[in-house]
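Subject: Structure for you to look at

Hello,

Here is the structure I said I would pass on. My notes follow below it.

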Amino acid sequence: MTQQGSRNGVDVELLGQTVGAIQSQAELAQFQFRATTHWISGAHVQTHIQGFRGVGQEDGSRSTPFILEGDEPAVLLGTNQGANAVELLLAALTSCLSVGVAYNAAARGIEIEELRMEVSGDIDLHGFLGLSESIRPGCQTIDVGCHIKSPASDSTIADLLEYAQHTSPVLDMIRNPTPVHVKFLRLS
């Protein structure tokens with residue numbers, strides 16, 4: 001990290017200090033993020049995101065939770081009170097990739113004037129509705145268009161985008177099997 005100050009809204013010096021701290025104390029890299037989702041009615045759910053564990057301690061910096069409304073469009077029997085779960089996953093993917101591009105560009109001294117990601121996921125409802133065992137319920141394909149305005153060369157931006165993909169936690173979870181354990185806990 002040779003750049004000092006702020007670039008692309010990222011404090012490059014603080015970013016360098018964070019990387020250095022994790023290099024010298026590996027346990028600081030362990031984080032646990034959490035969310036709690038409450039079913040409201042039909043397809044309408046509400047997810048609360050507040051606390052997380054990181055840098056060896058519970059973080060209490062969020063005084064109130066972030067609240068995400070989830071629902072389905074009317075054509076899928078919802079009431080359009082929020083994005084559906086697939087849309088939220090697509091948003092998480094492009095959010096993670098965008099942060100990765102901005103942070104890594106800042107660390108490399110690359111100015112980003114504008115960054116926009118467009119994403120689409122194609123699903124065949126036969127899998128979701130249990131009408132076919134041969135069609136998976138998730139997306140068959142996800143396509144991301146990354147629009148970047150920068151004075152950097154095309155090859156520099158291509159390298160940056162490749163690296164951001166390589167280090168993206170959300171892209172990694174989508175591309176590679178991640179163990180997910182679902183257990184039944186009775187409410188009383």
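Is Glu114 buried, partly exposed or exposed? With a relative accessible area of 43%, Glu114 is partly exposed. Here buried means under 20% relative accessible area, exposed means over 50%, and partly exposed is in between (1.4 Å probe, protein chains only).

First, the ground rules. This is a predicted model, in which local features need pLDDT of at least 70 and side-chain atom pairs count only at pLDDT 80 or more, while totals for chains, interfaces and linings use all residues. Residues are numbered from 1 along each chain as its sequence is written, and side-chain values use heavy atoms, with hydrogens and water left out.

Salt bridges

A salt bridge is a side-chain nitrogen of Lys or Arg within 4 Å of a carboxyl oxygen of Asp or Glu. The count by this rule is three. Glu114 pairs with Arg116, closest N and O atoms 3.8 Å apart. Arg116 also pairs with Glu118, at 3.3 Å. Arg116 is partly exposed at 38%, and Glu118 is partly exposed at 44%.

Arg34 bridges to Glu58, with closest N and O atoms 2.3 Å apart. Arg34 sits in the loop between E3 and strand E4 (36–41) and Glu58 in strand E7, so the pair ties together parts 24 residues apart in sequence. Helices (H or I, at least four residues) and strands (E, at least two) are DSSP runs, numbered from the N terminus.

Sheet

Three strands form an open sheet in the order E3-E6-E7, with antiparallel pairing. Strands E3 (32–33) and E7 (57–59) are the edges, each pairing on one side only. Two strands pair if DSSP finds at least two bridges between them. E6 (residues 52–54) and E7 have three bridges. Phe52 has Asp59 in E7 as its bridge partner.

Helix H4

H4 (residues 154–167) has 14 residues. Ile157, Leu160 and Ala164 are buried in H4. Seen down the helix axis, the buried residues of H4 fall within an arc of 60°, so they line one face. The arc is taken from the directions from the helix axis to the C-beta atoms. On the other side of H4, Asp154, Glu162 and His166 are exposed.

One more residue

Leu131 lies in the loop between helix H3 (125–128) and strand E10 (141–149). At 60% relative accessibility, Leu131 counts as exposed.

Best wishes

Terms used:
The expected span of a helix is 1.5 Å times one less than its number of residues.
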